[in-house]
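Please read this briefing alongside the sequence and the structure. It goes through selected features topic by topic.

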Amino acid sequence: MKFALSWLKEHLDTSATLAEIVETLTRIGLEVEHVHDPAAQLAAFRVAHVLDAQRHPNADKLQVCMVDTGDGVPVQVVCGAPNARTGLKTVFSPPGTYIPAKKITIARGIIRGVESAGMLCSAGELDIPGDNDGIIELPETAPAGAIYAQWAGLDDPVIEINLTPNRADAAGVYGIARDLAAAGLGVLREREILPAVGKFPCPVGVTLDFAEADKHLAPFLGLRLVRGVKNGPSPKWMQERLRAIGLRPINALVDITNYLTFDRARPLHVFDAKRVNGDLVVRRAIKGESLLALDGKTHELDDTMVVICDGAGVESIAGVMGGEASGCDEETTDVLIESALWDPQNIAHTGRKLGIVTDARYRFERGVDPAFTLPGLELATQLVLDLCGGEASEPVLAGAVPCVRTVIDFPWSETRRLAGVDIAPKEAATLLERLGFTIEGDETRARVTAPSWRPDIEGKADIVEEIVRLYGVDNVPSTPLPRADGVAPAVLTLMQKRARAARRALAGQGLVEAVTWSFVSTEQAEAFGGGAAGLKLANPIAADLSDMRPSLLPGLVAAAQRNVARGLGDQALFEVGQIFLDPSDMGQRLAAAGVRRGLSGAGRHWSAKPERADAFSAREDAMTLLQALGVATSGLQIVAGGPNWWHPGRSATLQFGPKAIIGYFGELHPRTLLGLDVEGPIAAFEIILDTLPPPKSKPTKIRPKLELSDLQPLSRDFAFIVDKTAAAGDLVKAVGSADRALIVDVSVFDVYEGAGVPEGKKSVGIAVTLQPREKTLTDQEIEAIALKIVTEAGKKTGATLR
Amino acid sequence: MTDIATLEQETLRQIAEAADEAALEAVRLAALGKKGAISALLATLGKMSPEERKNEGARINLLKDKATEALAVRRAELAEQALERRLAAETLDVTLPAATSPLTRGRIHPISQVMEELSVIFADMGFAVAEGPDIESDDFNFTKLNFPEGHPAREMQDTFFLTPEAGEKKLLRTHTSPVQVRTMLAQRPPIRVICPGRVYRCDFDQTHTPMFHQVEGLVIDETTHMGHLKWVLEEFLKSFFEVKGVKLRMRPSFFPFTEPSMEVDVQCRRQGGEIRFGEGEDWMEILGCGMVHPNVLRNCGIDPDVHQGFAFGVGIDRLAMLKYGMSDLRAFFDADTRWLEHYGFRPLDFPTLAGGLSS
């Protein structure tokens, strides 16, 4: 909502400065978004007189002008405009002037060898409307040296407020003036609106043709004919006000409707009476009907929309836009003025469906003042008579203005209860009355009746808001929220704690946390097991952000590839975030995933051979994560293979059983990466945090007793020969089962294939740690255990000692 | 006796001249070993008369002591020399770089860090952390929050819809307010929660991304009013920006789910591309808030004449930008590792009240 200061002052008698007005508007909830003050912006531009213009000695298209800028001494300016000529009055900007349109500051310069001390300006350079083919041409009467903006009457600041959807009443300058007056910034100029004298009955009838259940769609329509008008340009003051807020003046009749839309938040429509056939009927549109509207487009209508028709068909889309055929132009001599009430929801629906945004729709869908429907018609009639002449008919009224007033039983204590501030009932009542509320009651309670122009007022909380808004929300004293006694208790849920610990653990692994979009492309989703219809956006913002992600991996893989394209080949990224299996509440899971590409760890280093990230880097990340989350991994099974986006021979499923899968690790399938244009190989893991077993709840924090042995542990190494395809994990398990009491650790320290090992076999070096319990082990006892280890390994995995 | 004096002289000379441990050991064996010269002298004592033994015994034992001591001294000298030689050989180029630790490479995303900072601050004020799904129903995202069907307020938030399956039309939540609804439906007052999470709006330019993060706060009890709201916001912002104090400016505004509604500006100083809070003459709009609308309370089964409270909402990404100085929101979701390394946090940068939110 925009308006010029002079327009506001027509309704508000105030001595407040622009700054005070702007500050007050924001303070009472009419937030000022922008103040366009041309006088300030254009202060340096002056009226200038071109005393002499000669062709530039070195350039055909330039002229050297001697310009009187009011300082007495003529200034030399080189100008490229075709209309620069001797005797012209125009606008001059001295060196140092900032040119808003070009975002440059004028400097003294030499143009093709001739000195130039300033610039003669076009309208565009001043960011004002006008011809841009040359420099501004001013009448001869313009006094050289005058500040141009002042001389041209451009020193009327335009204020733009960010109107919240609840404040329909402030969609008009008058409403804004009322709010400012209520806030104590002046006096509202209330003028009585007298009904125009009807000289003859209106020849056009109006019918509201609605079924009983639809009557709310068009409760009331007032119409009046003014005949014998002369339609031409509207007066300068009206044109200036409209132009200042960015509206193009068209002709007096149309300008009057636009003017009242902004002045009183009362949209109106004018029909050229001679282009209207017979009486008007207001009804639901019929599917298949269409209208060539004032925006020059033909709109297809349906029965959810309300239209105004005559004998020839649809003439106007109610409350949204009029039709081209019955519009007013300079030929119009007889005009029908319409002022109506429409259903806000229906107008919003129609506007949205047709994609029409108009100042009328904006106001109707927020709710206009029903009580002003008829006064609005009178005011418009008066303006037509004043500006275009003619004589008015008696009005035709169809339907009735609903006079439903919201009455709220309001205990004055409510302000204290909700706002925490004490405002005396008397003071509160005064504030409300200034806003147009009526109050009946005593010091305790009141019946508060909302004014007709405030459809947003529904209940007690709204009244509190009105009181506090004018009192100043900023004056509400800050009050400490009572704290619970003692130390603040822990508040995070298990999943919240897991997400946090997961992030720290993975960052501790040297991975960098990414946050990627929750939506991915269909290709990405499908490549990672997603793409379900129910997880597709109906209105994606971009084709590659169309499906809710089924996994964190597509986003991470794409992120890694973007970094590769930046020349950063070694990548170690992770994300902890939501993934989507279906659109239900339960279909959302919390996952932690990581990808590594290129060299792992610290990268190339003089002290060690660089290693490429592989499935084991991913396994380390995954296992570190599980450890950090305190998940007991003794029952964890690592089963070769995974879903089809994993490399079939270099990946594994992490599970506590076939139906308790918690995630995967390994290399991603080369075909998956190829399909997404990603340069692999990429090692990755993904763990679904919701699927991890919950920690066992224990009554105390006491840990199991620590049993320490005084006897030294001892270690024995074994080199086994097994089939190349045998799983080291099975061998470790077999070795461990040889003596569950004494064997405390089994680890693989070497895997070797090649010379010295038969074809198709591999050698696996296993270190076994024995912890004697009650006494030192004798050589014979150690021998016996070693033998048992070899036997178990042989029995369960076919291993033989090397 | 001359031979003892000679032996002493000879032994001490050999000890002094021994060039290394092995030579010294040979001298020791030759003198004090089983068959050593001094040992041999000692063996002669048994055959002597007590008178002789008394005399000779003292001399021989003195010789033995002298030799033993000289051996120890020489051994220590040799050990010292050997260590010196070893040290002279043991040098390395300490300017060679060590391998970096994963702890120096890993990073926490600023959004995660700020979320943790928020939960630390609000946990202290007794707020729990509530969460809910990103895919929501129209009812929880709009209707229960007092957005009437067809009301222009719904258009304030450009909503992403999911392709409708058989059944209800789902959408991506446009704010975390549906979590407030879920909390109020699940829990009786008193309620104190913050609801952080991802939210989605169909908007993409320099200052808008189709996905961003928000934290909302909700307090419902029988006494909480706007003054408490103001205090909580002051404490929160002061603590979050880690400044001694902040000045807030509240302005009336409109949100369908609060009444009265307010926008809050925070006092700041803009200086050379930097923003400082708790000082200066400028104001920056930072969050929206208000008293929970009676219709919302009613929709969630709470009697607005008995219970009351406030709600507020603020962008987490924006808080991160204001506190840590990132200029472009889009970079948050681009996963450029150069950006993440620069703006990210180290793995052990835990925000705490005792140690401070940031280091």
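Just after helix 6 of chain A, G184(A) has a positive phi of about 90 degrees. This is a predicted model, in which local features need pLDDT of at least 70 and side-chain atom pairs count only at pLDDT 80 or more, while totals for chains, interfaces and linings use all residues. Residues are numbered from 1 along each chain as its sequence is written, and chains are lettered from A and ligands numbered from 1 in the order in which they are written. Helices (H or I, at least four residues) and strands (E, at least two) are DSSP runs, numbered from the N terminus.

**Helix 6 of chain A**

- In helix 6 (residues 173–182) of chain A, 10 of the 10 residues are buried, so the helix is largely enclosed by the rest of the structure.
- A residue is buried if 20 or more other C-beta atoms lie within 10 Å of its own, exposed if 12 or fewer, and partly exposed in between, with C-beta atoms placed from the backbone.
- Among the buried residues of helix 6 of chain A are Y174(A), R178(A) and D179(A).

**Helix 21 of chain A**

- Helix 21 (residues 779–797) of chain A has 19 residues and reaches 27 Å from its first C-alpha to its last, close to the 27 Å expected at 1.5 Å a residue. The expected span is 1.5 Å times one less than the number of residues.
- I789(A), A793(A) and T797(A) of helix 21 of chain A are buried. They cover an arc of only 25 degrees around the axis, which puts them on the same side of the helix; the arc is that of the directions from the helix axis to the C-beta atoms.
- The face turned away from this buried side carries the exposed residues Q780(A), E783(A), L787(A), T791(A) and K795(A).
- The buried residues of helix 21 of chain A pack against strand 39 (714–723), helix 20 (728–736) and strand 41 (761–770) of chain A.
- G798(A), with a positive phi near 75 degrees, follows helix 21 of chain A.

**Contacts**

- Two residues are in contact if their C-beta atoms, placed from the backbone, lie within 7 Å.
- The contact takes 79 residues from chain A and 70 residues from chain B. On the side of chain A that touches chain B, 37 residues are nonpolar, 24 polar and 18 charged.
- Ala, Val, Leu, Ile, Met, Phe, Trp, Tyr, Cys and Pro count as nonpolar, Asp, Glu, Lys and Arg as charged, and the others, Gly among them, as polar.

- Most residues other than glycine have a negative phi, and most peptide bonds are trans.
- R112(A) is not a glycine, yet has a positive phi of about 50 degrees. R112(A) lies in the loop between strand 10 (109–111) and strand 11 (114–116) of chain A, and counts as exposed because it has 12 C-beta neighbours inside 10 Å.
- E242(B), also not a glycine, has a positive phi of about 55 degrees. E242(B) is in the loop between helix 10 (226–241) and strand 6 (248–255) of chain B, and its 13 C-beta neighbours inside 10 Å make it partly exposed.
- G680(A) and P681(A) are joined by a cis peptide bond with omega about -5 degrees. P681(A) sits in the loop between helix 19 (670–675) and strand 38 (682–688) of chain A.
- The peptide bond from E259(B) to P260(B) is cis, with omega near -5 degrees, and P260(B) belongs to strand 7 (residues 258–271) of chain B.
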